[in-house]
Amino acid sequence: MYLPPHDPHVDDPMRFKPLFRVHLMERKSATVECMYGHRGPHNGHIQIVKKDEFSTKCNQTDHHRMSGGRQEEFRTWLREEWGRTLEDIFHEHMQELILMKFIYTSQYDNCLTYRRIYLPPSRPDDLIRPGLFKGTYGSHGLEIVMLSFHGKRARGTKITGDPNIPAGQQTVEVDLTHRIQLPDVESLRSFNELSRIVLEIREQVRQEQQQQESGAEDGEGRGPQSPREPQRGPAQPSVEPPAEKGGGPAGAEAAAAVPAPEQPAQSGQGQPFVLPAGVSSRNEDYPRTCRMCFYGTGLIAGHGFTSPERTPGLFILFDDDRFGFIWLELKSFSLYSRVRAPFRNAEAPSPRAFEEMLKTIQSLTS
């Protein structure tokens, strides 16, 4: 199992934890050992369910228990998972989410089902090389997201999830046809100014969608890629975050939004970037220059993936290995850094196979 680094250090390497091992014997037989827990290898079982899917089962779950009971197991898990103790975490909501995750994950006792995932195919005209990224998600900690490109759309699909947005869902979607020109740094410090710019683009996207739905011809061929934004009212200067939702992170008139779908990335050149006042970030060590920005939407929901909703945001491309997303309604910022761990034999046999894989993992939690 590949675990993300401890929150909020997105640039640190992934952590590796063995879950089971297989000893191949003669005559096509094998023995399986469960590696879960702290009492050494013990008897396990693997069953091949169907193509690209198998299940593991521990036959001696008592080896997962600790002498100090669930309290000791929780404290040990907390040190490994978060690199800290519960006393170090002062935020009550964060404590609640961490305890929820421990209860949810520990109940399986390494009896799990595994399904194959493919890394996204890469094309020369992609904004950056697609792949897996570690991202900050407020009180949920670090999560793994797969960035892939689909024509005039970029999508971030959750590979690991949380109580609000489960794995398989599209956490962010980027409209590459609506590039945003940021104002100067001093103007960017104003959240209201950034909100005005992004919401103007959202209104423009909404109007384009209405035209497409009414049968207007799209000369640029964007019909199949039309944004799936809910229809909303006119742009407002600021937005208050919905108190009951999460799953994104917890927690000057001359400047205009400039759609520039044909403008290429200028490698090595950047513009100054700073988070607007009032936008929370788990990681203050974010890049202070960026290459380009685009309009996007982020998925938020209540606990249990209730009332999911796509909300407006700003996608920021920092460099070849890092990007960010400002969740406008949550007034929060996520920083993503590329996973550099090598994965063998993970390439999709075809673009269609990759798309089918995405549909499959999303259907498991929809």
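**Close-up views of a predicted model**

**View 1. Glu53 in strand E6.** Glu53 lies in strand E6, which comprises residues 53–58. The structure shown is a predicted model. With a relative accessibility of 12%, Glu53 counts as buried, because the cut-off for that class is under 20%. Leaving aside residues up to four places away in sequence, Glu53 is in contact with Ile48, Thr113, Tyr114 and Arg115.

**View 2. The open sheet containing strands E3 to E7.** Five strands form an open sheet in the order E3-E4-E5-E6-E7, and their pairing is antiparallel. Strand E3 (20–24) and strand E7 (112–115) are the edge strands, each pairing on one side only. On average, neighbouring strands of this sheet are turned by 30° against each other, direction ignored. Strands of a sheet pair through backbone hydrogen bonds, in either a parallel or an antiparallel arrangement.

**View 3. The pairing of strands E4 and E5.** Strand E4 (residues 30–34) pairs with strand E5 (residues 42–50) in the antiparallel sense, over 2 bridges. Cys34 stands opposite His42 of E5.

View 4. Helix H5 (residues 351–363) contains 13 residues and spans 19 Å from its first C-alpha to its last, close to the 18 Å expected at 1.5 Å a residue. Buried residues in H5 are Phe354, Met357, Leu358 and Ile361. Seen down the helix axis, the buried residues of H5 fall within an arc of 100° and therefore line one face of the helix. An α-helix has 3.6 residues a turn, so residues three or four places apart point the same way. Arg352 and Lys359, on the other side of H5, are exposed. The buried residues of H5 pack against strand E9 (142–150) and strand E10 (153–158).

Key: Residues are numbered from 1 along each chain as its sequence is written. This is a predicted model: local features need pLDDT of at least 70, side-chain atom pairs count only at pLDDT 80 or more; totals for chains, interfaces and linings use all residues. Side-chain values use heavy atoms; hydrogens and water are left out. Helices (H or I, at least four residues) and strands (E, at least two) are DSSP runs, numbered from the N terminus. Buried means under 20% relative accessible area, exposed over 50%, partly exposed in between (1.4 Å probe, protein chains only). Contact means heavy atoms within 4.5 Å. Two strands pair if DSSP finds at least two bridges between them. Axes are lines fitted to C-alpha atoms, for helices over the stretch in contact, and angles run from 0 to 180 degrees between N-to-C directions. The expected span of a helix is 1.5 Å times one less than its number of residues. The arc is that of the directions from the helix axis to the C-beta atoms.
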